[in-house]
Amino acid sequence: MTTYQTAIDAIRELKAKFGSTWADISPEDAARMQIQNRFKTGLDIAKYTAAIMRRDMAAYDADSSKYTQSLGCWHGFIAQQKMIANKKYFGTTERRYIYLSGWMVAALRSEFGPLPDQSMHEKTSVPALIEEIYTFLRQADAKELNDLFRALKKANEAGDTAKAAEITAQIDGFQTHVVPIIADIDAGFGNEEATYLLAKKMIEAGACALQIENQVSDAKQCGHQAGKVTVPHEDFISKIHALRYAFLEMGLDDGIIVARTDSEGADLTQKIPVVKEPGDIASQYI
């Protein structure tokens, strides 16, 4: 990871290279801006948070006391304040995630107004919310780092080298407010192709984990409701494959898929599965 001093040194080299045309460029200011804007794109965030989530999953497998907590969220400001509070009261954002549930997005983020959890909200609502949340979390980073840079400037002006070294260490070891998002893609909002296209949008916005369920998209019901209609296993697996292909296309070979089944609470299956050979997936319905 780039430290404040190495960032300054790199820009000083550029300044020397370009000569007088860069005379008014401050390496210190440019380095501050780079550090305050660590994540340039949503994909940068998705790759960073996927590694965190995989690490946390392995830690939980080894020791179940190292569980994670996912905080439901419906607005960027709410997510920002949650993570600021975590850092303030717990001293860390480790093992703290944000969860975007389908019912919450339907109820609070649709332009149609509050809706039931039946995939009637705009399919682009979730990617838009992911982008909004990460904008607010990056803003929290910039604000906290700005306070540290102000304190560093004050220490340097006072000639307090010990204090300056202490603050520089805080800057170099800064823990970001950016945490993994588990984003609910409902039942994919359509067929496998539609699922793949929406997944790409969510990943581009920063999601490292996508949750999908095996209900029929246009008959989707909230998990606790009766009347659910599921798709055959092979159809659901095709949608899971669509998510994996979306992750791989976007360069995330460690993206996480949370595959949820409503089979035990479902009343119907969308269509009759066709058994092609004994023991195949379709035969499990017989």
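**Rings and helices**

Guide: Let's start with Phe18, which is partly exposed at a relative accessible area of 39%. Partly exposed lies between buried, under 20% relative accessible area, and exposed, over 50% (1.4 Å probe, protein chains only). By the way, this is a predicted model: local features need pLDDT of at least 70, side-chain atom pairs count only at pLDDT 80 or more, and totals for chains, interfaces and linings use all residues. Residues are numbered from 1 along each chain as its sequence is written, and side-chain values use heavy atoms, leaving out hydrogens and water.

Visitor: How many aromatic pairs does the structure hold?
Guide: Three. Rings of Phe, Tyr and Trp (its six-membered ring) pair if their centres lie within 6.5 Å; planes under 30 degrees apart count as stacked, over 60 as edge-to-face and the rest as tilted. One of the pairs is Phe18 with Trp22, stacked at 4.9 Å centre to centre with 15° between the planes. Phe39 and Tyr48 make a tilted pair, with 5.0 Å between centres and 55° between planes.

Visitor: Is Phe39 buried or exposed?
Guide: Phe39 is buried, at 4% relative accessible area, while Tyr48 is partly exposed at 25%.

Visitor: And what describes two packed helices?
Guide: The angle between their axes and the distance between the axes. Here, the axes of H8 (residues 192-205) and H9 (residues 233-249) come within 8 Å and cross at roughly 35°. Axes are lines fitted to C-alpha atoms, for helices over the stretch in contact (heavy atoms within 4.5 Å), and angles run from 0 to 180 degrees between N-to-C directions. Helices are DSSP runs (H or I, at least four residues), numbered from the N terminus.

Notes:
Helix = DSSP H or I, 4+ residues; strand = E, 2+ residues; numbered from the N terminus.
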